[in-house]
Amino acid sequence: MRRRFIGDIVCSDMGKDIPTKQDLLKAQTDLLWAADSGKLDSLDCPSCHRQTVSVWFTHPKPDIYREWFVCSSCSFSFRAQISGIPKHYSESRINQKLQEYDVDLLAKIKF
Ligand SMILES: [Zn+2]
């Protein structure tokens, strides 16, 4: 696996139906597979169970790409760091808000 997860899954308003850590890990794997196969919209959300997760990319540095999975119905999101260019990367899929967040985050890390 050439990806690693950075940061925890964000899902603060899950209501009664709280997924277990195992469920979330499985959901992450499923979402990553879906993204790899080219499905970038209408993915299953493990939190609100709607098909409202979309894949976004950020490119905060010339050699750094990140893949984000964001639900539009609830607060579920997570991101994966990619080594190399994501398979279905396109500039039209860059989310400006997330891009700024990642650029800002990287600026704070001292190498
Ligand atoms: Zn959701």
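Reader: Thanks! How many helices and strands are there in the chain?
Author: The chain has two helices and four strands. Helices (H or I, at least four residues) and strands (E, at least two) are DSSP runs, numbered from the N terminus. This is a predicted model, where local features need pLDDT of at least 70, side-chain atom pairs count only at pLDDT 80 or more, and totals for chains, interfaces and linings use all residues. Residues are numbered from 1 along each chain as its sequence is written.

Reader: In which order do the elements run from the N terminus on?
Author: The order is β-α-β-β-β-α.

Reader: Nice. In which sense do S3 and S4 pair?
Author: Strand S3 (residues 64-71) and strand S4 (residues 77-82) are antiparallel, with six bridges; two strands pair if DSSP finds at least two bridges between them. S3 and S4 make a hairpin, with five residues between them.

Reader: And what is the bridge partner of Glu67 in S4?
Author: Glu67 has Ala80 as its bridge partner there.

Reader: Switching topic: where does Leu32 lie?
Author: Leu32 is in helix H1, which covers residues 21-36. The C-alpha atoms of Leu32 and Phe69 are 8.8 Å apart, although 37 residues separate the two along the chain.

Reader: Why does Leu32 count as partly exposed?
Author: Because Leu32 has 18 C-beta neighbours inside 10 Å. A residue is buried if 20 or more other C-beta atoms lie within 10 Å of its own, exposed if 12 or fewer, and partly exposed in between, with C-beta atoms placed from the backbone.

Reader: What percentage of the 111 residues count as buried?
Author: That would be 22% of the chain's 111 residues.
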